[in-house]
Amino acid sequence: MQQLIPAIGFGLITASILAIAAVGFTLQFSVTNILNLAYGDIMTACAFAAYLANHAGVNIWICLVIAALFGAVFSMVLNRYVYFQFVRRGTRLFAMIIVTIAVSLIIQNVLLAIFRPTFFSYHADAGSSYHFGSMVFTGSQLAIMVIAVIAMLCVHVLFTQTKLGKAMRATATNPSLARSCGIATDRVIDVAWLLSGALCGIAGVVLVLNTATFSETTGAGFLVPIIAAAVLGGIGQPYGAMLGAITIGLAGEISAALISPAYKGVAAFAILIVVLLVRPQGILSEVADAKEVAA
Amino acid sequence: MLDVSLTGFPGAYIVRSSQLSDKLPLVRIKLKIERTGNRPAHLSVRASLAVSLAVVTAVVVAACGTTQSATPKTYTGTLTFASFNPFTGPDASFGPEMAAGCITASNLINQSSGLLGHQTECIAVDTRGDPADAVPAAQKMLATNTNLVGMNGPSSDEALATVPIINRAHIPMFADSGQAAFDKSTFAYFYRLTPPDDAAGVAMAVYAYKKGYRRGAAVFGNDLSSQGNVPNLLSAFKKLGGQIVLNQTLTLDQSSYRTEVQALIAAKPDVIFTEADPQTDAAYLSQLQQLGSLIPVIGTQPTVQPPWLKAVGGAIGNDNLAKYFAAAQPYAPSTGPAWDTYNTALLASVSQIPQPDQWSQDPYSETDYDAINIMALAMVMAKTPDPTFYNQYIPKVVASSSGATEVHSYKEGVDALAAGKTIQYVGPGGPVVFDQYRNSTGAFELVGYSADGSNPHLDTISAADVEKYRS
């Protein structure tokens, strides 16, 4: 029981990483209705972009910005030249999922071919340890949490205070109606991919800062918790993704402390199943109902 | 036991029920007919003849599929050896390690005017370290490689699922699986030159105790390969007088292990025993470094492999790795004429093996090299690459006997056999002594890590010590 409070602290770190990634994932889905299962691999690609910069002597926090830019451009290009070509042909949701899986495998294997099957680390100092009661955080972990909070606030401000955010919400709710109202939905979709990619890039780097090493499969291995957080909150709901990330992050660490590390994944996903049994549309679900997600 | 004897047919067969696992339906047909007793009086002679012929045909078909045919299969073209191991996935480092041994041996065989007039090749078959992927990979390998005559692997990750399939296809396999389940293997085509995982666990415990550690923490990944070390590690350390203060099973590749690390710190161990994939151990140990301080770590052979060392060294710093790390691996002396031949050929294979020097002192690469040579020499003894014929010669290639000429390479073996001598192959992995289950286990060595990337020898744990504390 004495490990419960530290575990909550550790859970917050995991939740921060998950939140950045899950909000990016769900933001893009809400606007485009494409369940992008290559998201984890884009994270990895961004981590590699940061790695190259970092090993060229660039500070890791500047590398974070580079990864965000790389992720933004990569995601938008991926949509324009791959996904959108299928959408234009009327490819259905399930077929699009297969396309994203194919893209995921392509990215993974290209990274494998370029970087070879080994592990990589950043030149980055974890920083001093800081104690908050019985919780312990390193400097880089505190930075990760601050980045997550800032990212979430930016998303909140974007959605509630800007015309672009309102246009995104309108496109997410009903694209046809949004177009009829004069919203340039194609541009909105581009921006959604850019933002999602930027968050994906940030998530890739902070994930690696947390795990210390990475390989071509690291991001893909993190995809399931990302999707779980997004689904738990209500797929397509950025606020839901934040809530889902906190739930999954805390559940994993607390179960590891109270039950056994062997059940870490089990507890988090058991909660996911229970929540979805009670509330199939997820915790927050305004948009989900309006879209054809359940189908 | 059911014995079906057929005489009066071209090539008489004796089929034992134990050999008929893949033909059981046919045997059941036969048994059912036998249980019905004498044929009914109203059955015509023609009908009874037809039934008899059907039964005989069924049994002959079964027999043909399970026993050695009268003449060996004829091979044309290049003979194939497979490295059947994970080349991707968490245990991706296993495959290249194995392929290094296979390619080196194959190159030397080809340079020595080939194998019974054939060139040889090594193919890599990726099991991904997962039985779900390994089973179709094995089936595809067997179906598409008509000249497959032998193989290295499988590893612990996929051995339980694939050994029966490969055995049924009559392909001799030199497994690097450490699972204790194969300690008393009944598979006729299964061989193992390396100690089982549970023996590695004992060697880790003995070394830790010798170093004065009394409070151990077992931190192992939840994969089959890693968990195979745990039971005997726990019992041996306890038998020695130590105490396991924590036994953690890690879910692999999580983003955080801080809660697990916190529990470790609370248990106050003075040594960590571990095997997990590189990313897991790197995250775990770096988070231990952040939350407390590092303590000595004793790993298994996979932790000596370059990907693990690179990942963990990158995470905690190479200086810390050098200071705190040791690992138990099967002992291979890495000196002497056999090793010289192996190492020279290995280093010359740089176009096929990236960074070949990383496998120079790797006991698994060395025994994988030995395995190919042993199979090749058995083929030479049997005068055919047909596995159903040469399999029985494998133990004879390495058997110690008075008057046997000790040979240290394939070429020496071929020359000695041509001169009519009895041979005993002793490769870089050392002498092979198969028990009745075709297992050959030996001593362990403990190695450390140097900043230049080498693994200095720290200690040796004898085979007798391992057996003494093994359950």
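This report covers a predicted model with chains A and B.

## Basis of the model

Residues are numbered from 1 along each chain as its sequence is written, and chains are lettered from A, with ligands numbered from 1, in the order in which they are written. Because the model is predicted, local features need pLDDT of at least 70 and side-chain atom pairs count only at pLDDT 80 or more, whereas totals for chains, interfaces and linings use all residues.

## Chain A against chain B

In the interface, 31 residues of chain A are in contact with 29 residues of chain B; two residues are in contact if their C-beta atoms, placed from the backbone, lie within 7 Å. On the chain A side, two or more residues each come from helix H1 (4–32), strand E2 (135–138), helix H8 (185–211), helix H9 (218–221), helix H11 (238–258) and helix H12 (264–278) of chain A. Helices (H or I, at least four residues) and strands (E, at least two) are DSSP runs, numbered from the N terminus.

H1(A) gives the most to this side, with six residues. By class, the side of chain A that touches chain B has 16 nonpolar, 13 polar and two charged residues. Ala, Val, Leu, Ile, Met, Phe, Trp, Tyr, Cys and Pro count as nonpolar, Asp, Glu, Lys and Arg as charged, and the others, Gly among them, as polar.

## Hairpin and helix pair in chain A

Strand E1 (residues 129–132) of chain A pairs with E2(A) in the antiparallel sense over four bridges; strands pair if DSSP finds at least two bridges between them. A:Phe132 has A:Met135 in E2(A) as its bridge partner. The two strands form a hairpin with two residues between them, and A:Gly133 in the turn has a positive phi of about 65°.

Helix H2 (residues 39–55) and helix H4 (residues 93–115) of chain A pack at an angle of about 25°, with their axes 9 Å apart. H2(A) is therefore roughly parallel to H4(A), a term for angles under 35 degrees. Axes are lines fitted to C-alpha atoms, for helices over the stretch in contact, and angles run from 0 to 180 degrees between N-to-C directions. From H2(A), A:Asp41, A:Ile42, A:Thr44, A:Ala45 and A:Phe48 meet A:Ser104, A:Ile107, A:Gln108, A:Leu111 and A:Phe115 in H4(A). The residues of this contact divide into six nonpolar, three polar and one charged.

## A parallel sheet in chain B

Chain B has 18 helices and 16 strands. Five strands make an open sheet with parallel pairing, in the order E4-E3-E5-E6-E7 (chain B). Its edge strands, each pairing on one side only, are strand E4 (120–126) and strand E7 (190–192) of chain B. Neighbouring strands are turned by 25° against each other on average, direction ignored.

Strand E3 (residues 79–85) of chain B and E4(B) pair over seven bridges, and the bridge partner of B:Ser83 is B:Ala124 in E4(B). Helix H3 (residues 94–111) of chain B packs on the sheet, where H3(B) touches E3, E4 and strand E5 (148–152) of chain B; its direction makes about 170° with that of E4(B).

## A covered helix in chain B

Of the 471 residues of chain B, 51% count as buried, meaning that 20 or more other C-beta atoms lie within 10 Å of the residue's own, with C-beta atoms placed from the backbone. In helix H11 (residues 306–316) of chain B, 10 of 11 residues are buried, including B:Trp308, B:Lys310 and B:Ile316. The buried residues of H11(B) pack against helix H10 (278–291) and helix H12 (318–324) of chain B. Just after H11(B), B:Gly317 takes a positive phi of about 95°.

Conventions. Parallel < 35°, antiparallel > 145°, perpendicular 65-115°, else oblique. Buried ≥ 20, exposed ≤ 12 C-beta atoms within 10 Å, placed from the backbone.
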